Amino acid sequence: MTSHTHRRPAALPGFSSPAAGFDDPMAMLEACHDRIRRSLDLLGRLCDRVSEGRIDAAVQEAAADVLRYFDRAAPHHHEDEERHIFPCVLAHSGDPALRAAVLRLQADHLAMEAQWAQLRTPLAALASGHAEGFAAAQLEAARRFIGLYAEHTRLEEALVFPAAAAALDQPALQRIGADMAERRGAPRP
């Protein structure tokens, strides 16, 4: 009979998201946020299991899934925002609160990169079955990472994405979608 360890980790984050393509870059960015939330949830569940001393194949698989997402997809997402969304909002908005939000989000990206750099090695060790390097300090770092990302995506969705969507016309969206596709080696929309 199948053990519970094979049902615990989620599938590779992103494969079950609603379809969003490069022809609708704003929807694609929002779909990325859904995948980020799923990956963060998986990281949180992984931390709970490690805290309980339940290190098994499911934890290893979850760690590998989290690594794949934050090593591959998250950097593309951040670059999309840095290249297209943040400059658009800064160029089109005189609202000091909105401008401050963009500056905070840019600083968040740097903080996320630094936090990920600290988490990555112990998480990779955990993915390969070496749990001894994933202790209290790493659990706390993972929880800080989860919290920062959660607040970051909330702020983007509440303020920055709507402002960018209002400022971008169809030709600009097409250029953004084409750039996103090209940087990922995907067919252009």
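Helices are DSSP runs of H or I with at least four residues, strands are DSSP runs of E with at least two, and both are numbered from the N terminus. This is a predicted model, in which local features need pLDDT of at least 70, side-chain atom pairs count only at pLDDT 80 or more, and totals for chains, interfaces and linings use all residues. Residues are numbered from 1 along each chain as its sequence is written, while side-chain values use heavy atoms, with hydrogens and water left out.

Q: How many helices are there in the protein?
A: Reading from the N terminus, the elements run α-α-α-α-α. There are zero strands, and the number of helices is five.

Q: Which helix has the lowest mean pLDDT among the elements of the protein?
A: pLDDT is the predictor's confidence in each residue, from 0 to 100. The mean for the protein is 89, and 89% of its residues reach 70 or more. Among the elements, helix α3 (residues 96-127) has the highest mean, 97, and the lowest, 93, belongs to helix α5.

Q: Is His109 buried or exposed?
A: His109 is found in helix α3. Beyond its neighbours within four places in sequence, His109 is in contact with His78, Glu81, Glu82, Phe86, His152 and Glu156. Buried means under 20% relative accessible area, exposed over 50%, and partly exposed in between, using a 1.4 Å probe and protein chains only. Because its relative accessible area is 2%, His109 counts as buried.

Q: Which residue caps the N-terminal end of α5?
A: Helix α5 has 15 residues and spans 21 Å from its first C-alpha to its last. At its N-terminal end, a side-chain oxygen lies 2.9 Å from the backbone nitrogen of Ala172, and that oxygen belongs to Asp169.

Q: Which helices do the buried residues of α5 pack against?
A: The buried residues of α5 include Ala172, Leu173, Ile176 and Met180. Their packing partners are α1 (25-51) and α2 (57-92).

Q: What is the distance of the polar contact between the side chains of Arg183 and Glu79?
A: Arg183 is in helix α5, and Glu79 is in helix α2. Leaving out residues up to four places away in sequence, Arg183 touches His76, Glu79, Asp80, Arg83 and His84. A polar contact is a pair of N or O atoms within 3.5 Å; within protein, one must be able to donate a hydrogen and the other to accept it, and residues adjacent in sequence count only if both atoms are side-chain atoms. For the side chains of Arg183 and Glu79, the distance is 3.3 Å.

Methods:
Expected span 1.5 Å × (residues − 1). Contact = heavy atoms within 4.5 Å.
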